[in-house]
Amino acid sequence: MLMTKRFAYIAALLCLLASCAGIDCPLNNTVQSHWSFYSQGKPISVSDSIYVFAKVNGADSLVINRLYNATDMEFPLSYYNDVDTFRIEFHQPDGKGGAIVMAETILISKDNLEHFNSPECGVWHEHRVKDLRSTTHVIDSIQTVRLKIDTNEQENFRIHFK
């Protein structure tokens, strides 16, 4: 009888320890929009220096500082705004130590989706794109590849240049 009680206690203790195996938090909970560059339907590398600014409370905030020789870029969207405004500047050397600046404005209309896993993992915001518009000085069009912007690090948009 005493042996059976000890066995029951040990079995209960092992079950209790096994139930606390750990928390399944994702390694990456950073949500970034992913943009690829295309020309004439083919992926390209942009040799110009690229700067991306987000409009935050009426002021420009630098999101990407001098991306160079890039085939793609990524940057976050706001958590709470329904529409985000970005200005992308392409700085092309003019041969005299300066640069020719060409700029595009992109507006992204979206739904913001809170994602909660557990108190230990915290909250992050994913997005579902509803609409995307841009100016067309350098950009011919922007193709939406994937409407959901989440932690999967997949291509969301393709910028097609003229």
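Mentor: Asp150 has a relative accessible area of 6%, so it counts as buried (buried means under 20% relative accessible area, exposed over 50%, and partly exposed in between, with a 1.4 Å probe and protein chains only). This is a predicted model, in which local features need pLDDT of at least 70 and side-chain atom pairs count only at pLDDT 80 or more, while totals for chains, interfaces and linings use all residues. Residues are numbered from 1 along each chain as its sequence is written, and side-chain values use heavy atoms, with hydrogens and water left out.

Asp150 sits in the loop between strand S10 (148–149) and strand S11 (157–161). Helices (H or I, at least four residues) and strands (E, at least two) are DSSP runs, numbered from the N terminus. The side chain of Asp150 has a polar contact with the side chain of Arg146 at 3.1 Å. A polar contact is a pair of N or O atoms within 3.5 Å; within protein, one must be able to donate a hydrogen and the other to accept it, and residues adjacent in sequence count only if both atoms are side-chain atoms. The backbone nitrogen of Asn152 is also reached by the Asp150 side chain, at 3.0 Å. Once neighbours within four places in sequence are set aside, Asp150 is in contact with Thr30, Val31, Gln32 and Glu126 (contact means heavy atoms within 4.5 Å).

For comparison, take another buried residue. Ile139 belongs to strand S9 (residues 139–144) and is buried, with a relative accessible area of 0%. Not counting residues up to four places away in sequence, Ile139 touches Glu104, Ser134, Ile159, His160, Phe161 and Lys162. Ser39 is 100 residues from Ile139 along the chain, and their C-alpha atoms are separated by 9.5 Å.

Now the other charged side chains. A salt bridge is a side-chain nitrogen of Lys or Arg within 4 Å of a carboxyl oxygen of Asp or Glu, and by this rule there are 9 salt bridges. One of them joins Asp60 and Arg87, at 2.5 Å from N to O. Asp60 lies in strand S4 (residues 59–67) and Arg87 in strand S6 (residues 83–93), so this pair, 27 residues apart, links distant parts of the chain. Asp60 is partly exposed at 38% relative accessibility, and Arg87 is partly exposed at 23%. Both belong to a network of salt bridges that links Lys55, Asp60, Arg87 and Glu89.

A second pair is Lys110 and Asp84, whose closest N and O atoms are 3.6 Å apart. This pair too links distant parts of the chain: Lys110 is in strand S7 (residues 99–118) and Asp84 in strand S6, 26 residues apart. Lys110 and Asp84 are both buried. Asp131 and Arg133 form a further salt bridge, at 3.5 Å from N to O, and Asp131 is partly exposed at 37% relative accessibility.

Last, the whole chain. Buried residues make up 33% of the 162 residues. Of the contacts with a separation of 6 or more, 51% are between residues 24 or more positions apart.
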